[in-house]
Amino acid sequence: MQKDKNIISILKGVTWRIVGTIDTITLSYIFTGSIGNSLKIGISEVFTKIFLFYLHERAWFKIDWGIIPNENIPNNSNEEERKETHVRSLIKGISWRIVGTMDTIILAALWTGDYSKALKIGFTEVITKVILFYFHERIWMHYTQKTKIAIEQ
């Protein structure tokens with residue numbers, strides 16, 4: 001598992017928000033037909049979701065479920081020498097999506113005044129964001145493992 005450092009959580013939050021914002025703006029445009037409302041929803045989420053993602057990531061650092069020894073690193077006694085299972089990454093994605101969906105629905109309803117469109121945007125994101133989040137997690141895990149191995153050599 002990656003080292004428990006605030007900078008990693010911040011960088012993951014920023015990269016995830018870029019991916020998430022593009023997805024939100026795209027889905028918002030599909031359901032509202034308004035580039036203005038789509039941009040308002042997406043830009044608002046940049047601020048709310050980076051903060052919410054950071055809190056979510058820090059909470060998951062405190063949960064040991066789904067952590068296994070990394071067979072590629074000898075002497076797996078340290079926390080950073082363990083890795084997340086695929087199931088843990090999936091559950092993290094689902095738990096984040098619950099938080100993220102509520103945020104999206106609230107922001108979309110505030111900007112559009114249309115709760116039906118807000119619900120459509122939010123519930124479509126349940127599918128797109130869980131898939132995108134899973135791959136984001138796996139890429140970050142791969143990157144942090146490669147960086148750690150390179151530093152040790």
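This is a predicted model: local features need pLDDT of at least 70, side-chain atom pairs count only at pLDDT 80 or more; totals for chains, interfaces and linings use all residues.
Colleague: Why is I98 called exposed?

Modeller: The residue I98, found in helix α3 (residues 86-112), has a relative accessible area of 57%, and because exposed means over 50%, I98 is given that label. I98 is also one of the residues of a nonpolar surface patch of about 940 Å², which includes W65, M102 and L110.

Colleague: What makes T85 count as buried or exposed?

Modeller: The relative accessibility of T85 is 19%, and the cut-off for buried is under 20%, so T85 counts as buried. T85 lies in the loop between β2 (82-84) and α3, and, leaving aside neighbours within four places in sequence, T85 is in contact with G66, I68 and R138.

Colleague: How do you know that the end-to-end distance of helix α1 agrees with its number of residues?

Modeller: Helix α1 (residues 6-32) has 27 residues, which at 1.5 Å a residue should span 39 Å, and the end C-alpha atoms are 37 Å apart, so the two values agree. Just after α1, G33 takes a positive phi of about 70 degrees.

Colleague: Why is the pair D23 and K129 called a salt bridge, and what does the pair tie together?

Modeller: The closest N and O atoms of D23 and K129 are 2.6 Å apart, and because the cut-off is within 4 Å, the pair qualifies as a salt bridge. D23 lies in helix α1 and K129 in helix α4, so the pair ties together parts that are 106 residues apart in sequence. D23 is buried, with a relative accessible area of 13%, and K129 is buried as well, at 2%.

Colleague: What makes K92 part of a network?

Modeller: K92 forms a salt bridge with E57, with the closest N and O atoms 3.6 Å apart, and this pair links helix α3 to helix α2 (residues 35-61). The side chains of K92 and E137 meet in a salt bridge at 3.0 Å, N to O; E137 lies in helix α4, so this pair ties together parts that are 45 residues apart in sequence. At 1% relative accessibility K92 counts as buried, and E137 is buried with a relative accessible area of 1%. Salt bridges that share partners join K12, E57, E84, R88, K92 and E137 into one network.

Colleague: Which residues make up the largest nonpolar core?

Modeller: This core consists of 6 residues, I41, I105, A108, A109, A118 and I121, with α3 giving the most, 3 residues.

Key:
Residues are numbered from 1 along each chain as its sequence is written. Side-chain values use heavy atoms; hydrogens and water are left out. Patches are made of residues with over 30% relative accessible area and no salt bridge: like charges are joined within 9 Å, nonpolar side chains (Val, Leu, Ile, Met, Phe, Trp, Tyr) within 5 Å. Accessible areas come from the Shrake-Rupley method with a 1.4 Å probe; for residues, only the protein chains shown count as cover. Helices (H or I, at least four residues) and strands (E, at least two) are DSSP runs, numbered from the N terminus. Buried means under 20% relative accessible area, exposed over 50%, partly exposed in between (1.4 Å probe, protein chains only). Contact means heavy atoms within 4.5 Å. A nonpolar core is a set of buried Ala, Val, Leu, Ile, Met, Phe, Trp, Tyr and Cys residues joined through side-chain atoms within 4.5 Å. The expected span of a helix is 1.5 Å times one less than its number of residues.
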